[in-house]
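This report describes the architecture and selected local features of one protein chain. Please consult the sequence and the model alongside the text.

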Amino acid sequence: GTRLVAGPAVSARTSSGPKQVTTCMAKKKGIRVVVTIECTEARKEGGTPSRYTTEKNRKNTPDKLELVKYNKFLRRRTLHKEIK
């Protein structure tokens with residue numbers, strides 16, 4: 001199980017120095033980016049478009065990504081294009 005350990009009492013900070021801001025997530029600086037692809041056929045028919053998220057390599061595929069994926073609302077495979 002988890003054991004709790006008693007530590008020293010925490011006191012209020014009295015220094016007037018600048019606060020240090022830290023970010024939790026590391027930022028990747030690569031050429032792979034996360035993109036969202038959306039069903040094109042459902043938009044034409046007025047149905048609910050399905051959306052998927054995937055990664056693409058900007059160097060190998062500079063144009064918009066187009067994949068045939070399953071749309072669970074239309075119950076068939078449809079063309080999905082990258083959206084902003």
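Which residue lies over the face of Y52? The residue is K69, at 4.7 Å from the ring centre.

## Basis and overall fold

The structure discussed here is a predicted model. The protein chain contains one helix and four strands. Read from the N terminus, these elements follow the order β-α-β-β-β.

Strand β3 covers residues 66-71, and strand β4 covers residues 76-83. The two strands pair in the antiparallel sense, with six bridges between them. Within this pairing, V68 is positioned opposite L79 of β4.

Four residues lie between the strands of this hairpin.

## Aromatic side chains

How many aromatic pairs does the chain contain? The count is zero, where a pair requires ring centres within 6.5 Å.

## Burial, surface and contacts

The protein chain has 84 residues, and 19% of them count as buried. The accessible surface amounts to about 7,900 Å². Carbon and sulfur atoms contribute 53% of that surface.

What share of the contacts with a separation of 6 or more comes from residues 24 or more positions apart? Such residues account for 42% of these contacts in the protein chain.

Conventions:
Residues are numbered from 1 along each chain as its sequence is written. This is a predicted model: local features need pLDDT of at least 70, side-chain atom pairs count only at pLDDT 80 or more; totals for chains, interfaces and linings use all residues. Side-chain values use heavy atoms; hydrogens and water are left out. Two strands pair if DSSP finds at least two bridges between them. Buried means under 20% relative accessible area, exposed over 50%, partly exposed in between (1.4 Å probe, protein chains only). Contact means heavy atoms within 4.5 Å. Accessible areas come from the Shrake-Rupley method with a 1.4 Å probe; for residues, only the protein chains shown count as cover. Rings of Phe, Tyr and Trp (its six-membered ring) pair if their centres lie within 6.5 Å; planes under 30 degrees apart count as stacked, over 60 as edge-to-face and the rest as tilted. A charge sits over a ring if NZ of Lys or CZ of Arg is within 6 Å of the ring centre and within 35 degrees of the ring normal.
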